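Please open the model in your viewer and keep the selection panel at hand.

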Amino acid sequence: MIDCLAIALLALMVQSEAATEPYEGKLAVAYVAMNRAAQSGQDVITVLQQRRQFALNPRARITGDSWLAAQTAFHHWVPDSTHGADHFYNPLVKPWPEWYDERYMTIRIGHHTFLNLGGF
């Protein structure tokens, strides 16, 4: 039951954060949450519920791509294309947050830049 809740929250976050991104971008966003959970030793539900970290829009209509991305990242069905990223950001959105530093970029997918800041 806990896995179902975790996947549902992960899918909601993916839809809230990456609704207009291609599937690869949705999957990468899901992996960021999974990477943070692994780095912090917390479960993904706790990570997703931390204040001011991820959007969880309760009115978002979760698409099939977001569900699949959440399930795939949760179960690690494919390798992590972010190379361990623990943050993502759309650099077209200004102002940039203080933690944003392209020196730590691992990859760009869609509109998002993925970064590995080694924790948060």
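Select Glu 17, Gln 53, Phe 88, Tyr 89 and Trp 99: of the 15 residues lining the largest pocket, these lie nearest its centre. A pocket is here an open set of points on a 1 Å grid over the protein atoms alone, where a 1.4 Å probe fits, with protein on both sides within 12 Å along at least five of seven lines; lining residues have an atom within 4 Å of a point. The volume of this pocket is about 340 Å³, counted as the space filled by probe spheres set on the points, which are joined across faces, edges and corners.

The model is predicted: local features need pLDDT of at least 70 and side-chain atom pairs count only at pLDDT 80 or more, whereas totals for chains, interfaces and linings use all residues. Residues are numbered from 1 along each chain as its sequence is written, and side-chain values use heavy atoms, with hydrogens and water left out.

Next, select β1, which gives the most to the pocket lining, with three residues. Helices (H or I, at least four residues) and strands (E, at least two) are DSSP runs, numbered from the N terminus.

Now select β3 (residues 112–115). Four bridges join β3 to β2, and three join β3 to β1. Show Leu 115: Met 105 is its bridge partner, and His 87 also stands opposite Leu 115. Thr 113 faces Arg 108 as its opposite residue. His 112 and Phe 114 point one way from β3, Thr 113 and Leu 115 the other, and all are buried (under 20% relative accessible area with a 1.4 Å probe, protein chains only). Move to the hairpin of β2 and β3, where two residues lie between the strands and Gly 110 in the turn has a positive phi of about 60 degrees.

Finally, display the largest nonpolar core, with 30 residues; Leu 10, Met 13, Val 44, Leu 48, Phe 54 and Phe 114 have the most contacts inside it. Such a core is a set of buried Ala, Val, Leu, Ile, Met, Phe, Trp, Tyr and Cys residues joined through side-chain atoms within 4.5 Å. Two or more residues each come from α1 (2–18), α2, α3 (44–48) and α4 (64–75), and α2 provides the largest share, nine residues.

Terms used
Pairing = 2+ DSSP bridges. Buried < 20%, exposed > 50% of the residue type's maximum accessible area, 1.4 Å probe, protein only.
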